[in-house]
Amino acid sequence: MAAAAAHVLVFPFPLQGHINCMLPFATALAGAGVLVTFLHSDHNLRRLGRASAPDGPPSPRLRSLSIPDGLPDNDPRSVGGLLELVESLKAVASVAFRALLASLLSTTSPSRADHHHDGGFPPVTCVVADGYLPWAIDVADELCVPVLAFRTSSACSILAFLSAPRLFELGELPFPAGGDLDEPVRGVPGMESFLRRRDLPSSFRRAGEHGVNPRLPVLVEDTFHSGKARALIFNTAASLERSALAHIAPHMRDVFAVGPLHAMSPAPAVATSLWREDDGCVAWLDGQADRSVVYVSLGSLAVMSHGQFTEFLSGLVAAGHPFLWVLRPDMVGESRDGDATTPQDAIRAAAGDGKAHVVAWAPQWDVLRHRAVGCFLTHAGWNSTLEAVVEGVPMLCWPFFADQQINSRFVGAVWRNGLDMKDVCERGVVEKTVREAMESDEIRQSAEALAEQVKRDIADGGSSAMEFKRLVSFIRELGS
Ligand code: UDX
């Protein structure tokens, strides 16, 4: 009997940052001959259809399906409503996921090997579920489908969550009321020499009556839950996070570090962007001198207050370099003093003609590899971090939440490919750090060396390329 074709159901948490790394993963799997069904939410699949066209040619081995996320279509699904989305997925999408997975397993043929159904795809042989969807691991388990977990955030952040019980044991958590966030933290292995309280993921900070953010135990439990999966996959490179990966391994059945994925596979054969990309910014960059522009983008979720926006704008203008700023329509809060000037108009007025360009959404991969970009003012989301690392672009980090606080510490203190200005939002600091990130030879050299190092990881024979091959064999064996 012929061996069953491997068919993987890839299920990301339905947000841009998760799609942007799991789609290149799906594309790479399809490129390696594996059949892939990529599972979106209905809402996102509709948005993708409106906002973006596939970057690459269609692949006969990669298709998209969708299930409801349980929220009304006009819900903003923004950072303020993240918990609502988490809960709604658990209540509604889990039921739809179970039904879909069951249907993708069914076959009427005694030989699963050569019976193709549903558009030529054989039954699913394995699920790769976002670790942020722990219930998806349980559903696959219950239906006896081998399941792997995938984390879209940094390995260092995942190690922090796995270390949380130890931090409580050591009395490091909860942080003392009014305590100094610059104090070092013990208990996260391999990071004791540089990790401060303020560098732990945002949910470690004090909140609520007992000083523990109610989300922290949930996030810790969800992280440990990935240990139930056959393996945990990271979008990272061994050379970036070797120590964190080694300390995570004992908690998991297997660990694969296969990133940065966006740089490993050809452009995804299906649409990736939930917002319409404004290519005009690349034409604008074409008219700028080499390494002269500050690219400002804070990802798909971050929202800033009007006061923070004003400090950033003033600092950027004072630094004197032209800048390209991504401002999603919902990104800046309203002014307290009733000033009705839009952020876009405020930028034009402050920067003067030609010095600044504003878009609602940029083709970020193209922007970061543009010769005119000199530094990246970023929230240090994991995708953005990896995208800057691969292009050797110096970073200036202003993290908002989740893994961003620890990612930015790695940028500033470990890889030294940029600066970390977390928890400070003052125009003078913005001006000074923008200048330094743009002008420091030391930072540029570290950024370039890091890019070379990571490119070796993803090249043929490099650690990520080898790990990806091992993962493909692992997946094929699960299906045989
Ligand atoms: C979040 C978390 O911050 C991140 O750490 C986690 O791993 C996934 O979820 P997000 O805040 O959106 O994601 O940041 P990031 O991980 O950087 O992802 C944003 C993605 O949107 C990047 O791939 C970036 O290239 C893309 N992007 C952003 C655009 O394509 N255009 C833009 O204008 C801005």
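This is a predicted model: local features need pLDDT of at least 70, side-chain atom pairs count only at pLDDT 80 or more; totals for chains, interfaces and linings use all residues.

**Packed helices**

Two packed helices are described by the angle between their axes and the distance between the axes.

| Helix pair | Angle between axes | Axis distance |
|---|---|---|
| H5 (residues 155–169) and H7 (residues 238–248) | about 40° | 9 Å apart |
| H9 (residues 306–319) and H14 (residues 427–439) | about 45° | 7 Å apart |
| H7 and H15 (residues 441–458) | roughly 80° | within 10 Å |

Let us begin with H5 and H7, whose axes lie 9 Å apart at an angle of about 40°. That angle makes H5 oblique to H7, and the crossing of H5 past H7 is left-handed. On the H5 side, the residues that take part are Ala155, Cys156, Ile158, Leu159 and Leu162, and they meet Glu241, Ala244, Leu245, His247 and Ile248 of H7. This contact of H5 with H7 is made up of eight nonpolar residues, one polar and one charged.

H7 also has a contact with H15, where the axes come within 10 Å and cross at roughly 80°. H7 and H15 are therefore roughly perpendicular to each other. Here Ala238, Ser239 and Leu240 of H7 meet Gln453, Val454 and Asp457 of H15. Sorted by class, the contact of H7 with H15 has three nonpolar residues, two polar and one charged.

The remaining pair in the table is H9 with H14, packed at an angle of about 45° with axes 7 Å apart. That angle makes H9 oblique to H14, and their crossing is right-handed. From H9 come Glu311, Phe312, Ser314, Gly315, Leu316, Ala318 and Ala319, which meet Arg427, Val430, Glu431, Val434 and Arg435 in H14. In this contact of H9 with H14 there are six nonpolar, two polar and four charged residues.

**Around helix H4**

Which residues of helix H4 (residues 134–142) are buried? They are Pro134, Ala136, Ile137, Val139 and Ala140. These buried residues of H4 pack against several elements, including strand S1 (7–11), helix H3 (82–105) and helix H6 (215–225). After H4 comes cysteine 144, which has a positive phi, near 60°.

**Around the ligand**

There are 25 residues around the ligand, and Gly17, Gly299, Gln364, Gly381 and Ser384 come nearest among them. Helix H1 (16–31), helix H11 (364–368) and helix H12 (382–391) are the elements that give two or more residues to this shell. In terms of class, the shell around the ligand holds eight nonpolar, 15 polar and two charged residues.

**Two single residues**

Serine 88 sits in helix H3. Is serine 88 buried, exposed or partly exposed? Serine 88 counts as partly exposed, because 19 C-beta neighbours lie inside 10 Å, whereas a buried residue needs 20 or more. Apart from its neighbours within four places in sequence, serine 88 is in contact with Asp69, Gly70 and Leu71. Its C-alpha atom is separated by 29 Å from that of proline 174, 86 residues apart along the chain.

Phenylalanine 168 belongs to helix H5. With 16 other C-beta atoms within 10 Å, phenylalanine 168 is partly exposed. The C-alpha atoms of phenylalanine 168 and glycine 187 are separated by 9.1 Å, and the two residues are 19 residues apart along the chain.

How values were computed: Residues are numbered from 1 along each chain as its sequence is written. Axes are lines fitted to C-alpha atoms, for helices over the stretch in contact, and angles run from 0 to 180 degrees between N-to-C directions. Helices (H or I, at least four residues) and strands (E, at least two) are DSSP runs, numbered from the N terminus. Angles under 35 degrees count as roughly parallel, over 145 as roughly antiparallel, 65 to 115 as roughly perpendicular and the rest as oblique. A crossing is left-handed if the near helix is turned anticlockwise from the far one by less than a right angle, and right-handed if clockwise. Two residues are in contact if their C-beta atoms, placed from the backbone, lie within 7 Å. Ala, Val, Leu, Ile, Met, Phe, Trp, Tyr, Cys and Pro count as nonpolar, Asp, Glu, Lys and Arg as charged, and the others, Gly among them, as polar. A residue is near a molecule or strand if its C-beta atom, placed from the backbone, lies within 6 Å of it. A residue is buried if 20 or more other C-beta atoms lie within 10 Å of its own, exposed if 12 or fewer, and partly exposed in between; C-beta atoms are placed from the backbone.
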